[in-house]
Amino acid sequence: MKTATDLVRDYLSAVEREASALPADRRRELLADLAEHIEVTRAERPDAAIGEVLTELGDPRTIAATALSEAGDGAAGASARGDVGAPARRGRVHPLVPLLMLTLSMPFMMVFPDLPGPLFGVLFRVIGAVLLCTSVHWTAARKTTGVLLAAVLPTVVIATWNLSSGGPAAGTPALLANLAMLALMAGTAAWLWRVRRA
């Protein structure tokens with residue numbers, strides 16, 4: 001009797017065979033994405049049978065055909081199709097949700113500088129980072145870059161300002177510093193939106 005690991009390996013091998021016409025790097029990325037999706041789904045639903053998880057992913061031939069079609073059409077084909085029926089929509093959370101939470105955490109803290117502004121701003125940032133990390137819409141490298149630029153770096157800079165005596169005082173310097181952090185977070189979110197799996 002085959003184990004769950006055997007079934008996953010066989011499934012990924014079938015996808016690899018069917019997608020043999022793809023360039024090697026794109027084929028590796030596709031297999032890594034599928035393996036990550038399987039791992040995340042199994043972690044979210046430990047009681048689900050591996051066969052059910054693989055069935056939800058779809059037939060290996062269909063996945064390979066979609067990947068080949070995307071590789072042939074390039075970005076124009078992906079944008080023409082939009083998000084309807086795209087494999088990335090299997091995620092439980094729309095890709096815009098973590099990006100908005102990360103980006104809007106800063107304006108929330110700026111508009112409401114006293115409690116509860118900072119509390120909600122930090123919660124938005126933490127939840128946005130967690131949703132980004134668990135999303136199926138980005139590769140691990142892009143998730144790491146996004147979390148570092150949109151959550152960790154702004155948090156470290158703001159904490160350093162608040163804990164040091166040399167940080168910007170209230171008024172124009174603080175506003176400019178906050179706007180610089182907001183620009184970094186918005187730029188990172190825009191980049192993540194462009195490179196998401198659509």
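R45 and E52 form a salt bridge, with their closest N and O atoms 3.1 Å apart. The term salt bridge here stands for a side-chain nitrogen of Lys or Arg within 4 Å of a carboxyl oxygen of Asp or Glu. This is a predicted model, in which local features need pLDDT of at least 70 and side-chain atom pairs count only at pLDDT 80 or more, while totals for chains, interfaces and linings use all residues. Residues are numbered from 1 along each chain as its sequence is written, and side-chain values use heavy atoms, with hydrogens and water left out.

## Charged pairs

R45 is partly exposed at 21% relative accessibility, and E52 is partly exposed at 41%. For these labels, buried means under 20% relative accessible area, exposed means over 50%, and partly exposed is in between (1.4 Å probe, protein chains only). Salt bridges with shared partners link R45, E52 and E56 into one network.

In general, side chains of opposite charge can pair when their charged atoms come close. The search of the whole structure finds five salt bridges, and three of the pairs are set out here.

| Pair | Closest N to O distance |
|---|---|
| R45 and E52 | 3.1 Å |
| E36 and K143 | 2.5 Å |

D6 and R9 sit three residues apart in helix α1, so about one helical turn separates them. R9 is partly exposed, at a relative accessible area of 46%.

Leaving aside neighbours within four places in sequence, K143 is in contact with E36, L132, C133, T134, S135 and W138; contact means heavy atoms within 4.5 Å.

Helix α7 also holds L148. L148 counts as partly exposed, at 46% relative accessibility. Not counting residues up to four places away in sequence, L148 touches L153 and P154. From L148 to M185 the distance is 10.0 Å, C-alpha to C-alpha, and the two are 37 residues apart in sequence.

## The overall picture

Stepping back, the protein has eight helices and zero strands. Helices (H or I, at least four residues) and strands (E, at least two) are DSSP runs, numbered from the N terminus. Of the 198 residues of the protein, 35% count as buried. Among contacts with a separation of 6 or more, 66% come from residues 24 or more positions apart.

## Nonpolar cores

A nonpolar core is a set of buried Ala, Val, Leu, Ile, Met, Phe, Trp, Tyr and Cys residues joined through side-chain atoms within 4.5 Å. The largest one has 18 residues, and Y11, L30 and I38 touch the most other members. Two or more residues of this core come from each of α1 (4-18), α2 (24-44), α3 (50-57) and α4 (60-81). I38 touches V8, Y11, L12, I50, V53, L54 and L57, not counting residues up to four places away in sequence. There is also a second, separate core of 11 residues, including L99, L102, A151 and V195.

## How the helices pack

Two packed helices are described by the angle between their axes and the distance between the axes. Axes are lines fitted to C-alpha atoms, for helices over the stretch in contact, and angles run from 0 to 180 degrees between N-to-C directions. Angles under 35 degrees count as roughly parallel, over 145 as roughly antiparallel, 65 to 115 as roughly perpendicular and the rest as oblique.

Helices α1 and α3 pack at about 20°, with their axes 10 Å apart, and are therefore roughly parallel to each other. At this packing, A4, L7, V8 and Y11 in α1 meet I50, L54 and L57 in α3.

Helix α5 (residues 96-111) packs on helix α6 (residues 117-133) at an angle of about 160°, with their axes 8 Å apart. The two helices α5 and α6 are therefore roughly antiparallel to each other. The contact involves residues including V97, M101 and F108 of α5 and F120, F124 and I127 of α6.
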